[in-house]
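Hi everyone, thanks for coming.

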Amino acid sequence: MNKYEERFNRRCNGDTLKKIKTLNNSDSFDIIINKLKIGKPFSFVRFGDADYLMMFKENINKIIGHNNKFLVTKELHDEIIETHNIIDENFLIGSVIDTSIDNKLYSYKHFFRKYNITNLDINYNNLLSAVTLTETFCFNFNKFSEFIDEIKKYKIMFVGNYFHTNLKYLYGNQIIEFIETPIQNSFSKVDLIYNEILSKINNIDLIIFSTGQTSRIIIKRLWKNNINKIMLDVGSLSDFAVLDTFIEKYIPVRNNIKKNKNTIIQNFNKIKANEG
């Protein structure tokens, strides 16, 4: 493809992208909060730039992700697409695909100008914002407090690569199970993680996931296996609780979090003050 063909391809991709919409961060947040208030099982999974790269066949057997460094196996490729294509009112798909949303913490406009994802065999309808929790935490903190008020009502399992007492300020005092995952390429242990979750799930109301693409896959598997729990893929939100702790030295913190570190710590300290 010569430079003129590439330019035409980018323009066509841009025109198609303009037609693909997600709910804005505020409306997406409200849907999650309302479902937490109702208390019935539902799932929220998020798809970012790395997820969409993993959907391209040519990226199978490559390592994708600056921080998480996932080896894209055929299984991961297939399951990422399968997860994105679930259509159910209680299986919420969050996406970064709508470049018209003015995200302050994250911007994916350059990514979508570079890669044509509009030809992927995925569902582009009824999408929420993938970054609603982190954006709301940083830039509409009073609204985010609703999330804290609702989530602390539940008995929680936390799935991620670290555990710190600060997590109780985000997720409440009822974190009664912790499933540890690898810091990078956690999909390499996906079956072990999945089975450990199943073995400890009986007394749990809600599962919080912070383990990259593995989060989406395990939530999909549990959902297909009729595991009736609330399941939230919160991503880097959990990292907000461990900035300025010893854990920060050992995890790959995203650059956009580093740039907004002062705001994040200031808001997190408000939570700690409120909890006393």
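Predicted model: local features only at pLDDT ≥ 70, side-chain atom pairs only at ≥ 80, totals over all residues.

Let's begin with a pair of helices. Please find helix α6, residues 132–139, and helix α7, residues 141–151. Their axes come within 6 Å and cross at roughly 125°. That angle makes α6 and α7 oblique to each other, and their crossing is left-handed. Which residues of α6 and α7 meet here? From α6 we have Leu133, Thr136, Phe137 and Phe139, and from α7 we have Phe141, Lys143, Phe144 and Phe147. Sorted by class, the residues of this contact between α6 and α7 are six nonpolar, one polar and one charged.

Now stay with α6 and look at another partner, α2. The axes of α2 and α6 are 9 Å apart, and the two helices pack at an angle of about 110°. So α2 is roughly perpendicular to α6. On the α2 side, the contact is made by Asn25, Ser28, Phe29 and Ile32; on the α6 side, by Thr132, Leu133, Glu135 and Thr136. The make-up of the contact of α2 with α6 is three nonpolar, four polar and one charged residues.

On to salt bridges. As a reminder of the general idea, side chains of opposite charge can pair when their charged atoms come close.

Is Lys37 buried or partly exposed? With a relative accessibility of 49%, Lys37 counts as partly exposed. Glu146, at 28%, is partly exposed as well.

The next pair is Arg221 and Glu75, a salt bridge whose closest N and O atoms are 3.1 Å apart. These two also connect distant parts of the chain: Arg221 is in helix α10, residues 213–224, Glu75 is in helix α4, residues 74–84, and they are 146 residues apart. Arg221 counts as buried, at 15% relative accessibility, while Glu75 is partly exposed at 39%.

Then there is Glu82 with Lys220, whose side chains meet in a salt bridge of 3.0 Å, N to O. Again distant parts of the chain are linked, with Glu82 in α4 and Lys220 in α10, 138 residues apart. Glu82 is partly exposed, at 30% relative accessibility. Lys220, on the other hand, is buried, with a relative accessible area of 4%.

Which residues are linked in a network of salt bridges here? They are Glu75, Glu79, Glu82, Asp191, Lys220, Arg221 and Lys224.

In α4, Leu76, His77, Glu79, Ile80, Ile81, Thr83 and His84 are buried. Notice Glu79 in that list, which is also part of the salt-bridge network. What covers the buried residues of α4? Among the elements covering them are β1, α3, β3, β4, β5 and α10.

That brings us to a residue in one of those covering elements. Arg46 is in strand β1, residues 43–47, and at 16% relative accessibility Arg46 counts as buried. Beyond its neighbours within four places in sequence, Arg46 is in contact with Asp51, Gly94, Ala130, Arg216, Asp233, Val234 and Gly235.

My last stop is Asn59, in the loop between α3 and β2. Asn59 is buried, with a relative accessible area of 10%. Setting aside residues up to four places away in sequence, Asn59 touches Leu53, Ile64 and Val72. How far apart in space are Asn59 and Lys259? From C-alpha to C-alpha, they are 30 Å apart, and in sequence they are separated by 200 residues.

Definitions and conventions: Residues numbered from 1 in each chain as written. Heavy atoms only, no water. Axes fitted to C-alpha atoms, helices over the stretch in contact; angles between N-to-C directions. Helix = DSSP H or I, 4+ residues; strand = E, 2+ residues; numbered from the N terminus. Parallel < 35°, antiparallel > 145°, perpendicular 65-115°, else oblique. Left-handed = near helix turned anticlockwise from the far one by under 90°. Contact = heavy atoms within 4.5 Å. Nonpolar A, V, L, I, M, F, W, Y, C, P; charged D, E, K, R; others polar. Buried < 20%, exposed > 50% of the residue type's maximum accessible area, 1.4 Å probe, protein only. Salt bridge = Lys/Arg side-chain N within 4 Å of Asp/Glu carboxyl O.
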